[in-house]
Amino acid sequence: MKFTLSWLKEHLDTDEPVEKLADKLTMIGLEVENIEDKAKALAPFTIARVISAEKHPNADKLRVCMVDPGNGAAPVQVVCGAPNARAGLVSVFSPPGTFIPGKNITLGIGTIRGVESRGMLCSAAELQISDDHDGIVELPADAPIGAGYAEWAGLGDPMFEINLTPNRQDCTGVHGIARDLSAADMGKFKDPGIKPVKGEFPCPVKVTVEDAGLCPGFALRLVRGVKNGASPKWLQRRLTSIGLRPINALVDITNFMTYDRARPLHVFDAAKVKGNLTVRRARDGETLLALDGRSYTLDAGVCVIADDHGVESLAGIMGGEASGCDENTTDVLIESALWNEINIAQTGRKLGINSHARYRFERGVDPGFMVPGLELATRLVMEICGGTPSENVVVGRTFGDDHVIEFPLTEVKRLAGIDVPLVEMRRILTHLGFMVAGSGPAVKIAVPSWRTDIHGKADIVEEIVRIVGVEKVPMTPFERGEEPRKPVLTPIQLRTRRAKRGLAARGMVEAVTWSFISKPAAELFGGGSSELALANPIASELSDMRPSLLPGLVAAVQSNRDRGFPDAALFEVGQIFKGDKPEDQLTAASGVRHGFASSQGLGRHWSGSKTADALDAKADALAVLAAAGAPMQALQIVPGGASWLHPGRSGTIQIGPQNVLGYFGELHPRTLERLGADGPLMAFEVTLERIPAARQKPTRARPVLELSAFQPVARDFAFIVDRNVGAGDIVRAAQGVDKKLITDVTVFDVYEGKGIDETKKSIAIAVTIQPRDKTMTDQEIDAVGIRIVAEVTRKTGGILRG
């Protein structure tokens with residue numbers, strides 16, 4: 001919503017400075033987004049006269065002008081391409097060094113086709129005072145040469161732009177904004193009554209409303225004998241000051257009413273209307289050429305105003321070109337109506353029209369101003385265009401529902417924590433248009449028709465508090481009591497948050513994909529049941545609830561590859577759907593890596609690069625489990641994974657065969673083919689609900705583990721084992737020798753090939769031994785090593801490699 005200071009002063013008697021008004025607007029909920037002062041921006045631009053305009057020697061469409069800048073200065077040479085540049089023209093001149101707002105450049109001395117130019121003659125678009133860029137500005141011949149253009153043109157009028165919340169439809173007009181400022185002690189509200197205009201004859205056009213739900217009220221009036229030309233300067237200046245283009249007097253009046261009183265109107269050329277008017281639903285296939293020059297195809301969901309010829313207007317949104325007013329209009333029908341807010345919003349969204357009328361009607365205009373708005377518009381038409389008015393034709397309701405709220409005076413203290421005397425409450429509410437009756441302990445408050453957002457006592461408190469000042473609401477802590485606070489987040493919410501952080505810390509990027517996938521993809525990952533099929537899918541490839549996050553992630557990685565970004569590491573934590581029961585809805589953490597997107601870094605690098613492999617997916621899955629609080633010592637890694645993974649390059653993470661936490665590995669080529677993706681792709685998926693809950697209370701007290709004062713000892717062991725022996729088996733055997741001394745066991749090498757039997761492989765582990773009570777001797781360390789070798793041999797059949 002835009003308005004200027006002078007426009008505001010038409011409704012508010014105030015001497016407050018611009019900065020104070022802006023601050024108060026924001027504090028009462030009408031947030032000021034911008035203040036534009038054209039006088040400051042256009043200060044360097046002056047009024048000048050073109051002395052001569054000769055054809056450019058090297059260009060047919062350019063002229064070399066000698067310009068008199070005034071104030072006794074010597075004439076200045078300017079090269080100009082405007083078609084209206086001519087001798088004797090008075091225009092706007094900008095010297096070198098001036099910033100041109102419409103072009104976003106700072107003007108300098110230039111040479112154009114071999115001729116020097118020391119300035120610029122400006123168009124209205126270059127000054128950003130209108131969209132007219134067909135030629136340079138033409139000023140009256142008596143305009144003072146050398147004077148500042150902005151001051152002469154009366155542009156020293158700051159423009160406010162405020163951001164309105166959807167409930168404040170009353171402030172989509174300057175009149176309503178002034179009312180709010182008056183209640184906030186920023187001035188005296190000017191609200192003269194609107195006198196009805198007496199009709200001289202019955203209106204010959206009848207109105208029929210077929211569906212009162214779409215149009216609760218409709219008012220119409222004919223004015224004969226109008227002269228439609230350019231609107232007066234004051235009206236043009238009002239519109240151009242907020243960026244609107246004046247069209248003609250009749251259209252300008254409706255635009256003025258829209259911004260001044262939040263009352264959109266429409267004017268029909270009565271000579272172009274055939275017969276009577278009917279408010280009805282459009283018929284499927286009907287079309288309308290609207291005032292924006294576009295043709296719209298309508299259906300039964302669109303409310304229209306039609307005559308005997310057909311559709312003439314999109315109700316509450318935009319009129320039709322066929323019945324629009326032009327310079328030949330002599331008789332005009334002025335329409336002021338009420339429209340269903342939801343239907344207006346649906347129609348505007350369906351047709352893609354964002355008009356000033358739609359903006360207001362979909363928020364709900366003042367029902368009590370329907371007829372007074374018609375009277376005010378009629379008076380403006382008669383004052384500017386002349387004419388003789390008919391009597392009004394009114395169909396439906398001309399007022400809103402009466403709404404009285406029983407309001408206890410203690411409610412402000414209870415909800416806002418501040419004491420506001422009844423006298424002050426009454427003053428605020430009265431200035432805002434409410435009526436207050438009674439003196440306590442409760443009063444009756446009648447809500448004005450333009451405040452359709454006020455429904456109950458809390459809304460009244462909000463009105464009082466925003467005018468008194470939200471900064472006066474005390475900071476009051478909630479009473480917590482002596483009991484400990486209950487956790488705000490549920491266990492699964494905590495796991496979700498920690499899983500995301502854990503994966504982001506590994507260099508992966510979070511993605512959010514569709515919760516729906518195609519039926520073939522759902523079947524590939526264990527879904528596709530009829531219970532999980534959508535009754536009304538938004539697209540054929542989004543027909544089923546996803547049983548896994550991986551199809552969406554694979555599609556995202558492939559989309560990146562298709563656009564030249566082959567290295568990708570994406571993850572998602574979200575809902576998956578396995579069956580038709582609520583408990584079958586689970587939370588999964590999944591990720592996909594491709595190309596040079598291993599856990600060692602993303603992309604190629606001179607220091608060395610590594611493509612992602614199954615071990616990266618394993619590390620990602622374990623990172624999620626660790627972050628989510630899984631018992632890492634109890635995890636088992638079993639070769640082979642789900643059917644969508646490569647059987648020889650995948651694994652299963654479980655705590656016993658009955659509790660499978662997730663899978664990791666390389667996606668099966670068959671899976672990639674059916675998903676339409678290029679491989680290889682490394683993936684994992686972990687189900688967070690399957691992680692056992694941590695014990696709330698330990699069974700017995702455990703001593704706090706402190707850092708040892710003694711140096712740890714590392715020993716490496718390499719074992720020759722059968723190919724079917726897992727590295728995890730060797731790690732667990734070594735860890736079980738002495739859980740107090742052995743603090744870490746890791747695999748650092750796996751070898752198969754020359755020098756080792758084809759049925760065997762070599763697995764090397766690094767064992768960290770941490771002394772607790774004293775420094776260990778070589779004999780004690782060797783004894784631990786002997787026990788490790790013996791235990792690994794006993795449990796895996798491995799032989800220490802020589």
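Here are some notes on a few residues in this predicted model.

1. Ground rules before the details. The model is predicted, so local features need pLDDT of at least 70 and side-chain atom pairs count only at pLDDT 80 or more, while totals for chains, interfaces and linings use all residues. Residues are numbered from 1 along each chain as its sequence is written, and side-chain values use heavy atoms, with hydrogens and water left out.

2. Serine 94 sits in strand β7, residues 90-94 (strands are DSSP runs of E, at least two residues, and helices are runs of H or I, at least four, numbered from the N terminus). Serine 94 counts as buried because its relative accessibility is 0% (buried is under 20% relative accessible area, exposed over 50%, partly exposed in between, with a 1.4 Å probe and protein chains only). Leaving aside residues up to four places away in sequence, serine 94 touches Phe45, Ile100, Leu107, Gly119, Met120 and Cys122 (contact means heavy atoms within 4.5 Å).

3. Have a look at asparagine 71: its phi is positive, about 60°, although it is not a glycine. You'll find asparagine 71 in the loop between β5 (63-68) and β6 (76-80), and it is exposed, with a relative accessible area of 69%.

4. Asparagine 104 has a positive phi too, near 55°, and is likewise a residue other than glycine. The loop between β8 (99-100) and β9 (105-106) holds asparagine 104. With a relative accessible area of 60%, asparagine 104 counts as exposed.

5. Then there's a cis peptide bond, from glycine 679 to proline 680, with omega near -5°. Proline 680 lies in the loop between α19 (669-675) and β40 (682-687).
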